[in-house]
Amino acid sequence: MTSPLIDIRGLEKQFDLSGSFLEQVSFKGGRFQRKQEAVHAINGVDLQVHKGEALCVVGESGCGKSTVARTVMGLLSPTAGEVHYDGQRIDNLKGREVLPYRRKMQMIFQNPYASLNPRMTIQQTLEEPIRFHRPDLARKEVRDKVQEVMQSVGIDPDWGSRFGHEFSGGQRQRIAIARALAVDPEFIVADEPISALDVSIQAQVLNLLMDAQDTRNLTYLFITHDLAVVEHFGTRVAVMYLGRVCELADTKTLFAEPRHPYTQALLSAIPRLEDDRPNYIKLQGEVPTPVNLPSGCVFHGRCPYANERCRQEVPRLIATDSGTRVACHAVEEGRL
Amino acid sequence: MKKTPLLEVKDLDVRFAVRGGDLTALRGISFSLDKGERLGLVGESGAGKSVAAFSILNLVARPGYIAGGQILFEGRDLAAMSERELRKIRGNRIAMIFQDPMMTLNPVLSIGTQMVEAIKAHRRISTKAARDIALDRLRKVQIPSPEKRLDQYPHELSGGMRQRVIIAVALLLDPEIIIADEPTTALDVTIQAEIMALLLELCEQDNVALMLITHDLGVVSQVTQRMLVMYSGRIIEQGPTREIINDAQHPYTQGLINALPQMGEPGARLFQIPGSMPSLKNVPTGCPFHPRCRFATDQCRQTMPEYVRSGNVDVACYEVSNLIEQEKHMQEAGS
């Protein structure tokens, strides 16, 4: 098997909640105490993204999927673990060393109302990354490049002198995609790129992303909470819960045969057109806070199959016969 | 004789008075809701579904106003009612659930205080009795340890819990109708499924009519019996939910359904409707959908189509009415 384009190894990310030293210290019961708290956003994630595929990361709010995306892009530095791009470790690069990777890896954000600079025309927005990453190009070449990407995302190149606010949400997202494509990236991280859009516009943007993948040979890391989109778009799916990957499988296999109890519940909750009534697996309780992680399997408190081992031992991702990798003691022991 | 529906909206027009003239937000909206019936209101942003919901309780904020039509609730016109009379109906006979629970709940009052206040605004009962009603409703929406919740503040609850509280508030005075405006859009899928199932169960239990506003066709098909599809301030198709989902007549409804990822072959291109919904400032002439429609003719560009009936579904589309005409001719020629 060829080496993966992106290799995430043992990734952990914590966000400190407790502030400076003085804020941590308190005086209680006659003695000083120092208390440190952190949000455990990612707790040991290993993922590989292979060339040409679209790896979808799904999960509910707070599961750490966006943190994974941002850490891969280098927007956040990991607390522990490594990120490799095409065999080269990139999470510890400094200064100018990062630049080539900034060009090869681009990001599309959820909210096209926030991700475009309101004071720049579309032409400026699209020229800026090209000028920065390709200083060798002449003015004319830059303009040609902008024309080309605008056409490829279905925005009339004559609109270059307009500002972001003159466009609808769907058009803005097209422009954001054009900006990502302008520097000829190899790898695109898309963080909920269609969640803010209407249904008919979602289809347009999804088609655009798929076309771009075909014509430009792109690799995607696609973050979403919408499982119907995953089923359509993804090559493989990673399901996350409380900062851990609980199931990793080919899209088809995952939807045909979900193994992890959480994946099963998540899939059952998609409202389907053919349903006459809500028809879903009910989970007990709510997602625990990532400040105090549950011991053992992070899902044990809500899992109908949890036993003593689940409460104590953290399950590892283990391959099953169907090729699915599941982190669940019950699956491993054949109880499920 | 046909029995009168619980709520009947007739030819409702809502406009927004802005500089440079009125913008028409709703045009000729007519529909009815029977006791205990569940009706879905579907459309994309800007279609006017929330304005429709707000105008039923005469809650359209200025510069919006009801420019024409009637909203008959048990035979009385809400559009012509005084503010005082309306207040007796709002929250009491017709309750509303909004998308964002934090918009409905007061952050500085405990849940119990807010619930008691709502009851006492409509009924002359003791605080103790009101608290008992509040407690009962919290039990009904299956909130764990409801006694404790009464003394908690909104920020102490999770998003799903807050939406349950909102449903409990809506149920306080045993309303006949609940209008729910995107009640689960802000929630995660698993929570959404729970809240929807709960809402459906409660409505069925007490025979409460539900008007559910959503952009999610999956939710509509799970919860409602009839549905309206809105586009650019008009109802373009209405009828039994199952019939529309299985065999939509209007090209827009068809497009909306076919554009769903779950309808496409995995990995293949999705069906897409070109363009986007027109803004209120420049609604196209004739059928508002014609610039995006693959069947559009000159007739569509010039005049708005009337409703025609196909099966049990009312559709406003020339393509559909022409097809029905053709079929009629064929049958006549055949016989």
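Two residues are in contact here if their C-beta atoms, placed from the backbone, lie within 7 Å. Keep that in mind for the views below, which all come from a predicted model.

**Figure 1. Chain A meets chain B.** In this view, 34 residues of chain A are in contact with 35 residues of chain B. On the chain A side, helix H7 (199-216), helix H8 (227-233) and helix H10 (261-268) each supply at least two residues. The top contributor to that side is H7(A), with 8 residues. Sort the chain A side by class and you get 16 nonpolar, 9 polar and 9 charged residues.

**Figure 2. A closer look at A:Ala212.** This residue sits in helix H7 of chain A. Is A:Ala212 buried or exposed? A:Ala212 counts as buried, because it has 20 C-beta neighbours inside 10 Å, and the cut-off for being buried is 20 or more. Leave out residues up to four places away in sequence, and A:Ala212 touches A:Leu181 and A:Leu218.

**Figure 3. An open sheet in chain A.** Four strands line up here in the order S4-S1-S6-S7, with antiparallel pairing. Which strands are at the edges? They are strand S4 (38-49) and strand S7 (88-89) of chain A, and each of them pairs on one side only. Zoom in on S4(A) and strand S1 (residues 6-16) of chain A, and you'll find 9 bridges joining this antiparallel pair. As a reminder, strands of a sheet pair through backbone hydrogen bonds, either parallel or antiparallel.

**Figure 4. Two hairpins, one in each chain.** In chain A, strand S2 (residues 25-28) and strand S3 (residues 31-34) run antiparallel and are joined by 4 bridges. A:Lys28 stands opposite A:Arg31 in S3(A). The hairpin of S2(A) and S3(A) has 2 residues between its strands, and A:Gly29 takes a positive phi near 55 degrees. Over in chain B, strand S11 (residues 307-310) and strand S12 (residues 313-316) pair in the antiparallel sense, over 4 bridges. Here B:Ser310 is the residue opposite B:Val313 in S12(B). S11(B) and S12(B) also form a hairpin with 2 residues between them, and B:Gly311 in the turn has a positive phi of about 65 degrees.

**Figure 5. Helix H4 of chain B and what covers it.** How far apart should the ends of this helix be? At 1.5 Å a residue, the 12 residues of H4(B) (residues 111-122) should span 16 Å, and the end C-alpha atoms are 18 Å apart, which agrees. The buried residues of H4(B) are B:Ile111, B:Gly112, B:Met115, B:Val116, B:Ala118 and B:Ile119. They cover an arc of only 160 degrees around the axis, which puts them on the same side of H4(B). Why can that happen in a helix? An α-helix has 3.6 residues a turn, so residues three or four places apart point the same way. The cover over the buried residues of H4(B) includes helix H5 (127-140), helix H6 (146-150) and helix H7 (159-171) of chain B.

**Figure 6. Stepping back to chain B as a whole.** Chain B's secondary structure comes to 13 helices and 12 strands. Its radius of gyration is 22 Å, close to the 20 Å that the globule rule gives for 335 residues, so chain B is as compact as a globular protein of that length. Buried residues make up 46% of the 335 residues in chain B.

Methods:
Residues numbered from 1 in each chain as written. Chains lettered and ligands numbered in written order. Predicted model: local features only at pLDDT ≥ 70, side-chain atom pairs only at ≥ 80, totals over all residues. Expected span 1.5 Å × (residues − 1). Buried ≥ 20, exposed ≤ 12 C-beta atoms within 10 Å, placed from the backbone. Arc of directions from axis to C-beta. Rg over C-alpha atoms; globule rule 2.2 N^0.38 Å. Pairing = 2+ DSSP bridges. Nonpolar A, V, L, I, M, F, W, Y, C, P; charged D, E, K, R; others polar.
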